[in-house]
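Please read the notes below with the sequence and the 3D view open beside you.

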Amino acid sequence: MNGDAQQDFALAFLSILFEGAPFILLGTLISGFIDIYLPKGAMDRFLPKNNTLAVMTAGLLGAIFPVCECAVVPVIRRLVGKGLPMSCALTYMLAAPIVNPITALSTWKAFQGQAPWMMTGGRMLLGYLVAVGVGLVVARISLRKVLKQSLLEKIESAADKENEECGGCCGHDHSHDHDHGHSHEHHDHGKNDDDGRLIAAMRSAQKDFVDVGVYFTIGVAITALFNTGIAPGAMWLDGLAGNPVAAPAALMALAFILSLCSTSDAFIAATLAKFTWGAKLAFLVFGPMLDVKLIFLYQTVLKRKFIVALGVSLFVVIWLASMAAQAWLIEM
Amino acid sequence: MKPELRRILFSLAVILWAACLLYFYGSGRIVKYLAPDFRPIALAGGLGLAVMGLFNLLTAFRQADCGHDHGGEEHDHEGGDMNPWSALALMTLPVALSMAWTKDGFSAATLARKGLYDEAPSASAPFFASVLPPLTMEEIESSHRRTTDGYLEFSLMELFFATGDRELQGLLGGLEVETEGRIVEEKVRNESGTRMRLYRMFMTCCVADSRAIPIVLEFGSEPPMLPENGWVKVAGTMTFPEEGGTLQAVLNVDRATAAEVPPEEKFLLR
């Protein structure tokens with residue numbers, strides 16, 4: 001890189017890092033404390049027993065626990081380790097950055113004068129439906145095809161241990177009723193135990209932060225390289241703006257490259273005046289579910305093959321849905 | 001690797017990120033990187049990282065019971081996916097290099113890529129139109145200060161987005177205004193060499209998503225010698241001629257003087 005390129009890269013890199021790092025910290029602090037303090041299986045108690053209802057409920061949890069896409073990955077990583085069904089975790093991971101009050105507010109604010117309620121409502125609805133759809137499909141897939149090997153081994157090891165401890169004790173399923181030997185509620189943790197658990201939680205949070213931080217750094221570096229060399233892409237995009245089929249795909253590609261935070265991407269979408277409502281909807285739904293930095297973050301949880309399949313599926317489904325939404329809007 | 005060494009390496013990586021965030025915030029340079037809403041979040045993030053990194057560094061050698069029954073097996077509350085030395089290098093080297101390379105601004109080439117020489121917005125930018133002042137001359141005059149020599153002070157953003165608002169064009173066209181920004185060479189429709197370009201960067205969240213907000217300066221003769229990309233205050237008469245098939249915001253300049261760099265990149269001044 002020459003001097004100008006170094007200067008441009010550094011500015012874009014640091015600015016995205018400064019923007020995202022606090023949210024990753026928030027997510028990893030939550031994940032660290034979940035790791036140490038949340039009894040295994042506790043999340044199950046918040047979800048209906050029925051798989052379909054559980055997935056549908058998980059898609060709405062972002063309204064209660066609003067996190068952006070950077071922060072949600074370490075959180076679900078821990079929740080899966082704690083026994084949250086993968087289908088629910090994935091639904092929450094995809095929906096929470098979109099179906100949350102902060103994103104709703106920023107979308108509504110950004111689209112003032114451009115049918116803000118329709119864009120905000122459309123974004124929430126499509127984001128929710130796509131996430132629930134993915135969750136329902138994943139519920140029928142073997143965990144081996146979805147989860148990263150190290151995380152899978154951890155879950156299987158915990159399950160084996162659980163079976164050894166519970167096996168034959170009374171012959172029925174305790175998964176929703178007790179905490180599998182952790183005994184958090186039944187013995188006295190004195191002050192030293194509390195200190196120990198705080199230290200353990202902070203260590204766990206830091207470990208998660210470093211795990212996610214490494215991938216985030218790589219993703220931000222790639223994003224910064226694209227971001228500072230975006231001119232040819234912008235000209236190419238402008239040429240596609242009037243094409244009802246190519247425009248949503250083009251804006252989804254842009255969202256993938258720009259890797260914007262879901263709490264702020266609406267302000268960029270609102271300025272894309274040449275593009276249709278449907279194309280902007282595709283940009284706002286696809287971006288928080290898959291972009292360059294998320295590809296790296298997802299690798300802390302998911303298998304690479306599954307990430308590719310997920311990415312292609314999301315692209316096709318959101319592309320078709322946004323074109324259908326645009327056609328419906330024209331008919332109205 | 002011993003857990004204690006791994007904790008120390010991870011703590012150092014976290015502390016470096018904290019130091020970077022806190023340095024940029026404390027030095028005021030953060031204003032070049034993040035929009036105002038995100039700066040307190042960056043400060044909180046820097047403080048939080050510092051607390052986490054220092055806490056873990058200072059307790060690196062302490063035994064800590066997580067409270068779970070692991071049945072005597074080694075557990076992985078701290079086991080990572082990556083070699084800790086590699087993780088430290090990947091987290092710190094790009095940050096350190098970027099801190100060394102950054103000049104808190106984009107090069108001229110990237111400014112051009114971020115819209116410095118793009119056409120002005122068409123009349124379909126309702127989001128920006130919605131944040132502009134009300135559209136009567138009385139209200140415009142009451143909401144903008146007047147300089148001692150009679151020019152109304154406008155932000156560059158108001159003048160730029162007026163090309164997308166016909167009603168505002170009607171009010172601003174022919175009005176004597178003063179504004180400020182950075183001055184650069186005009187590369188578009190400047191055969192006579194009498195034009196320069198005035199711009200500021202507008203960011204919604206961080207500078208990576210920023211766009212240049214430019215207007216054209218018409219001097220009528222050879223422009224005065226002003227530092228390239230330096231801050232200037234210019235005063236003159238605002239016009240919105242159609243050039244190359246689109247409306248342009250052109251200020252016919254009466255005076256142009258070098259100005260202090262504003263303490264903040266505030267684009268919506270009023």
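This is a predicted model: local features need pLDDT of at least 70, side-chain atom pairs count only at pLDDT 80 or more; totals for chains, interfaces and linings use all residues.

1. Residues are numbered from 1 along each chain as its sequence is written, chains are lettered from A and ligands numbered from 1 in the order in which they are written, and side-chain values use heavy atoms, with hydrogens and water left out.

2. Chain B has 8 helices and 8 strands, where helices (H or I, at least four residues) and strands (E, at least two) are DSSP runs numbered from the N terminus. Of its 270 residues, 49% count as buried; here buried means under 20% relative accessible area, exposed means over 50%, and partly exposed lies in between (1.4 Å probe, protein chains only). The accessible surface of chain B is about 12,300 Å², with 57% of it belonging to carbon and sulfur atoms; such areas come from the Shrake-Rupley method with a 1.4 Å probe, and for residues only the protein chains shown count as cover.

3. Chain B is divided into domain 1 (3-67 + 78-99) and domain 2 (108-268), with bounds that come from an automatic or database domain assignment. Their contact takes 7 residues from domain 1 of chain B and 8 residues from domain 2 of chain B. The area buried between the two domains is about 650 Å², of which carbon and sulfur atoms give 52%; buried area is the accessible area (1.4 Å probe) that two parts lose on being put together, summed over both. On the side of domain 1, B:Val31, B:Lys32 and B:Ala35 lose the most area to domain 2, together 57% of what that side buries.

4. How many salt bridges are counted between domain 1 and domain 2 of chain B? The count is 0, although the structure holds 11 salt bridges over all chains. A salt bridge is taken here as a side-chain nitrogen of Lys or Arg within 4 Å of a carboxyl oxygen of Asp or Glu.

5. In chain A, A:Asp211 forms a salt bridge with A:Lys207, and the closest N and O atoms are 3.1 Å apart. Because the two residues are 4 apart in helix α9 (residues 191-227) of chain A, they are separated by about one helical turn. A:Asp211 counts as buried at 6% relative accessibility, and A:Lys207 counts as buried at 4%.

6. In chain B, B:Arg145 pairs with B:Glu153 in a salt bridge whose closest N and O atoms are 3.3 Å apart.

7. B:Arg195 forms a salt bridge with B:Glu243, with 2.7 Å between the closest N and O atoms. This pair links distant parts of the chain, since B:Arg195 is in strand β3 and B:Glu243 is in strand β6 (residues 242-243) of chain B, 48 residues apart. B:Arg195 is buried at 11% relative accessibility, and B:Glu243 is buried at 14%. Salt bridges that share partners join B:Arg189, B:Arg195, B:Glu218 and B:Glu243 into one network.

8. B:Arg189 also deserves a look at its backbone, as its phi is near 45 degrees, a positive value in a residue other than glycine. B:Arg189 lies in the loop between β2 (176-185) and β3 (195-202) of chain B and is partly exposed at 29% relative accessibility. B:Asp104, which is not a glycine, has a positive phi of about 60 degrees and is found in the loop between α3 (84-101) and α4 (108-116) of chain B.

9. Finally, B:Pro40 lies in helix α2 (residues 39-58) of chain B and counts as partly exposed at 47% relative accessibility. B:Pro40 and B:Tyr25 are 15 residues apart in sequence and 8.7 Å apart in space, C-alpha to C-alpha.

Conventions
Contact means heavy atoms within 4.5 Å.
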